[in-house]
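Work through the exercises below with the sequence and the model open. Each task is followed by its solution.

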Amino acid sequence: MKRSIFRNRWLPYLLLAPQLVVVVVFFFWPAFDSLRLSFFKVAPFGDREIFVGLGNFMELLTAPEYGRSVVHSFVFSLGVTALALVTSLFLANLANQKIRGLPFYRTAILWTYGIAPPVSGIIWLFIFHPSYGVLTYLLSMVTTYEFNWLLKGWVAMLLVIFAAAWAHLGYNVAFFLAGLQTIPESVIEAARVDGAGGFKLFRWITFPLLSPVTFFLFLMNMVFSFFETFGIIHAVTQGGPGDTTTIMVYKAYVDGFVNLRMGYSAAQSVILMALVIVLTVLQFRYTERKVTY
Amino acid sequence: MAALLPGIRKGPLDGRKWIIHLLLILSILLIGFPLYYGFVISTQSLDEVIKVPQSLIPSGHMLENYVTVWNRIHMGRLLINSAVVAVVVSLGKISIAILSAFAIVFFDFRGKQIAFWMIFITLMLPVPVRIISTYQVVSMLGWVDTYAGLTIPLIASATATFLFRQFYITIPDELVDAAKIDGAGPMRFLWSILLPNSGANIAALFVVMFIYGWNQYLWPLMATNSDNMRVVVVGIASTVPTGTQLPEWNLVMAAAMMALLPPVLVVIFLQRWFVHGLFETEK
């Protein structure tokens with residue numbers, strides 16, 4: 001806590017005003033309104049709102065397609081997180097060695113941070129294209145299995161997982177690199193003197209020391225896959241084939257803006273809000289990035 | 001697994017270094033392949049694209065493809081819109097975060113805790129969970145299809161506020177006292193002492209927030225109706241062929257390359273700042 005401060009009665013409020021106005025008008029009010037709407041049925045195109053209590057939530061709990069969207073969300077998010085974390089941990093370790101050309105290597109990895117998820121989706125869509133895609137072509141040489149995402153749900157899921165993980169690789173590598181650089185040289189040296197090397201050193205020294213970063217990134221990747229990948233689904237699979245890639249955020253959007261069931265969609269937003277609250281609380285309880293006030 | 005060894009033995013017979021180089025090069029080629037493939041497709045004619053397997057060497061139709069798609073989907077306008085959104089969102093977030101963090105660290109006032117927690121809670125309200133009602137607010141304000149509507153609902157930032165707060169706490173009291181003795185008011189202190197020392201943080205945040213702004217999809221999709229106000233990421237998604245459309249994947253890829261380039265260049269040129277700013281402040 002600082003001891004030396006400025007004295008002024010109005011200035012601090014004035015300084016905070018821009019941020020707080022945005023927070024209240026575009027964050028709190030909409031969140032509160034979503035909460036309120038989740039207890040109502042709203043007539044399409046009309047202003048008529050009918051109070052239904054927990055009706056929307058009961059309907060969600062019993063709707064098999066909502067249950068499926070929850071499962072798809074977790075399959076997708078865990079898939080993206082696992083793929084992105086393993087790959088980026090490997091890359092960050094490679095890019096943290098004392099070798100020549102390091103700045104080049106790092107740039108050649110970190111640029112992926114700039115890829116917009118939907119753009120990534122479009123590129124991977126073509127790689128997976130049933131008639132023209134290079135991956136489909138390569139697979140057709142080794143197997144007769146019809147690797148067609150338009151027909152097979154799991155192929156479509158794989159496609160969106162690859163697209164999301166590719167777009168999030170640079171972010172993860174940056175954080176792992178930052179984490180690796182906080183490990184003191186002396187610890188590594190000591191372990192090496194004790195005879196640890198190669199995989200042993202990684203398994204028993206580097207990896208445990210990185211675990212706070214890994215846990216932080218696990219949560220950030222889950223948040224990313226749940227909340228920032230809408231564009232991939234919307235631009236690439238539109239939730240299909242069938243509803244095999246319909247994740248929760250996409251379903252909330254379709255129910256709200258395509259099917260015009262505002263209350264039903266708001267109830268889904270409330271469930272998503274609960275989920276992001278859990279992830280944020282975990283992040284601040286169990287990572288080093290604590291906010292102490 | 002030699003690659004995971006976090007240190008290198010010295011000596012001319014050290015094969016490990018070469019393995020690491022080799023693994024790095026292979027990884028980079030693998031990560032870069034989707035981009036390269038997309039680029040090659042964007043230089044081919046439609047005939048070349050649909051002849052499987054395609055040649056993996058760039059062909060001669062690049063200019064023609066880029067010009068065609070540029071005119072067809074009004075790429076110039078899309079790119080300008082994205083640039084406006086990304087710059088306004090990133091600078092807006094950074095500015096209001098600096099002001100908030102300054103108030104929280106350098107002043108004592110009633111309601112400080114409340115203000116801090118209000119900003120903190122925005123972390124738990126990403127766009128998808130407040131989408132319907134945010135849209136209603138923006139439409140009530142008459143901001144649909146405007147830059148204000150595209151940007152202002154996105155510019156609160158808990159992350160940036162925490163980062164600046166973390167940094168300001170490390171500013172020694174002596175500096176504040178010296179400023180006071182010299183008769184500098186708080187705004188003068190902010191402008192002449194704090195800001196010039198915040199360069200690394202501002203640059204790191206600029207990268208993160210620029211990418212965030214440029215890559216937005218759901219909000220711009222909702223907040224705009226006219227093609228004139230579309231951002232590029234949303235605009236190019238509409239070029240993806242569906243059903244009966246001609247599979248003009250060369251044009252789609254040309255558009256994708258143009259949408260990809262600006263944020264990737266920002267990362268490449270500000271990468272040094274991005275990594276430094278992150279790990280200096282994340283500790």
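**Exercise 1.** In which helix of chain B is the place of Ala254(B)?

Ala254(B) sits in helix α14 of chain B; helices here are DSSP runs of H or I of at least four residues, numbered from the N terminus. Before going on, note that this is a predicted model, in which local features need pLDDT of at least 70, side-chain atom pairs count only at pLDDT 80 or more, and totals for chains, interfaces and linings use all residues. Residues are numbered from 1 along each chain as its sequence is written, while chains are lettered from A and ligands numbered from 1 in the order in which they are written.

**Exercise 2.** Decide whether Ala254(B) is buried or exposed, and list its contacts.

Step 1: a residue is buried if 20 or more other C-beta atoms, placed from the backbone, lie within 10 Å of its own, exposed if 12 or fewer, and partly exposed in between. Ala254(B) counts as buried because it has 29 C-beta neighbours inside 10 Å.

Step 2: leaving aside neighbours within four places in sequence, Ala254(B) is in contact (C-beta atoms, placed from the backbone, within 7 Å) with Ser42(B), Asn65(B), Tyr66(B) and Val69(B).

**Exercise 3.** Describe the side of chain B that touches chain A.

Step 1: 89 residues of chain B are in contact with 92 residues of chain A. Step 2: helix α14 (residues 249-282) of chain B gives the largest share of the chain B side, 17 residues. Step 3: that side divides into 72 nonpolar, 10 polar and seven charged residues. Here Ala, Val, Leu, Ile, Met, Phe, Trp, Tyr, Cys and Pro count as nonpolar, Asp, Glu, Lys and Arg as charged, and the others, Gly among them, as polar.

**Exercise 4.** Which residues of helix α6 (residues 131-140) of chain B are buried, and what follows the helix?

Step 1: the buried residues are Ile131(B), Ile132(B), Ser133(B), Thr134(B) and Val138(B). Step 2: they pack against elements of both chains, including α1 (11-37) of chain A and α7 (147-151) of chain B. Step 3: just after α6(B), Gly142(B) takes a positive phi of about 75°. Asp145(B), in the loop between α6 and α7 of chain B, has a positive phi of about 65° although it is not a glycine.

Terms used: Contact = placed C-beta atoms within 7 Å. Helix = DSSP H or I, 4+ residues; strand = E, 2+ residues; numbered from the N terminus.
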